[in-house]
Amino acid sequence: MSKKGGKQAETGRKVHIPCKRAKVEASCPPSPMNYDSPDSVFESLIFPIEQEKFFKEYWEQKPLLIQRDDPSVAAYYQSLFQLMDLKELSSQGLYYGRDVNICRCVNGKKKVLNKDGKVNYMQLKRDFDQKKATIQFHQPQRFKDELWRIQEKLECYFGSLVGSNVYVFILQLEGEKRWRLYKPTVHLAREYNVESEDRIGNPTHEFILKVLVFYAHGFLGFGCETHSVITLFSDTFSWGDFLLDTIPGLVFDTAKEDVDLRTSIPRQLLMQVDIADSTRRLSSLLRSLADRLENTKELRSSDMKKDFIMNRLPPFLGNSSDPLAPGGKLPKLDSKIRLRFKDHAIITVEPDQENSDELRKEMVYVYHSLKNRRERHMMGNEDDDTSEEGISETHGLRFPLSHMDALKQIWRSATVAVKDLSLKSDAEKENLVLSLWAECLIEVI
């Protein structure tokens, strides 16, 4: 039977103390969302625009404005987060900077009015009323189940983290707000950039925001009147990110077969100022890597995959507050099984984390987000989130490399018979599925 995935995964065995801040929930109007699949949730958000048109004409190109005039739909969006929620949460323990920012614009520049320590709602209200400040509440999905449900599905859809913020401009979420959108000074900028209006020119769009607006990546928005809105954002990866993650593994694997990559660099190269000759050599090696890449079926992307799985929301399980536990019958050799929570698990190949020898053999790791802590979503790392080595916690299993084909069978099939798994012995087949079942990753049908 497999073991827990290295020292990181072993930390998952400790019992977490529930967050002291209770979730805030209120009665929610009927949802206009179709929760059948991640695709259907996204389609609900951009309706009546079709997905193909959205990604062809709007995504990373221009903003898309969608107004919802149906009163029941408006009531639903307004219920996602209300000022009474912030008042209640303040009494349970919110902190300036971490949970709430309060600021105002003075002569075109942002001035932060945060106090120290815990948020006092009456002080917050005074700053809001008397100083005309804006309140920003970070990641309300930590407390609101409906936002958790939406964002968990969107993370499945995009394959990247999806966060949210509440911006409070008046004392209620209801109403209208005039917005202006500006073309970015840097297209698809990698870093968050705040620039004054006199540097970004005239707005490309100006409109009254009633219920919903959807932004394409790379456009800026400014508010002109008072209102409050919830913004959703997807922290998507770029091709540059993917190259940075996969090229090291490609070089490592290629160097095993290509003697040119194992040849020593010129003497004192690291001390030279002019390395023109060496750059030509590097260009030749990169072209060889590109040729090899054309025929490569699989690329290692462990860091990006693990980063996403470690930090994303756990599955939305309805109103139940009980922790996820194995359910149904124990899998046996004559059982048929299927994968649960496919969008919440990944398979990677990595050096054995439990062996400190220089020549560590490769193992298969299955990481998942089923036990992730919702209250820490998109909030960065804190002391209680990391191991003694400062490494964020992961949850998963490790298997011998010989188990890869059997794992792929389970991941790629709607159902699979345990006896048909690609492993040499019946004992290996039973041990594999029992490990996955105990981790809540499969069920017997």
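Here is a short chat about a predicted model.

Me: Great. At what angle do H2 and H7 pack?
Reply: About 110°, with the axes of H2 (residues 38–46) and H7 (residues 145–158) 8 Å apart. Axes are lines fitted to C-alpha atoms, for helices over the stretch in contact, and angles run from 0 to 180 degrees between N-to-C directions. That makes H2 roughly perpendicular to H7 (65 to 115 degrees).

Me: And which residues of H2 meet H7?
Reply: Pro-38, Asp-39, Val-41, Phe-42 and Leu-45 do, and on the H7 side they meet Ile-150, Lys-153, Leu-154, Cys-156, Tyr-157 and Phe-158 (contact means heavy atoms within 4.5 Å).

Me: Switching topic: where is His-403?
Reply: His-403 lies in the loop between strand S15 (395–400) and helix H13 (404–412). Helices (H or I, at least four residues) and strands (E, at least two) are DSSP runs, numbered from the N terminus.

Me: Is His-403 buried or exposed?
Reply: Buried, with a relative accessible area of 7% (buried is under 20%, exposed over 50%, partly exposed in between, with a 1.4 Å probe and protein chains only).

Me: What is His-403 in contact with?
Reply: Leaving aside neighbours within four places in sequence, His-403 touches Leu-423, Glu-428 and Leu-432.

Notes. Residues are numbered from 1 along each chain as its sequence is written. This is a predicted model: local features need pLDDT of at least 70, side-chain atom pairs count only at pLDDT 80 or more; totals for chains, interfaces and linings use all residues. Side-chain values use heavy atoms; hydrogens and water are left out. Angles under 35 degrees count as roughly parallel, over 145 as roughly antiparallel, 65 to 115 as roughly perpendicular and the rest as oblique.
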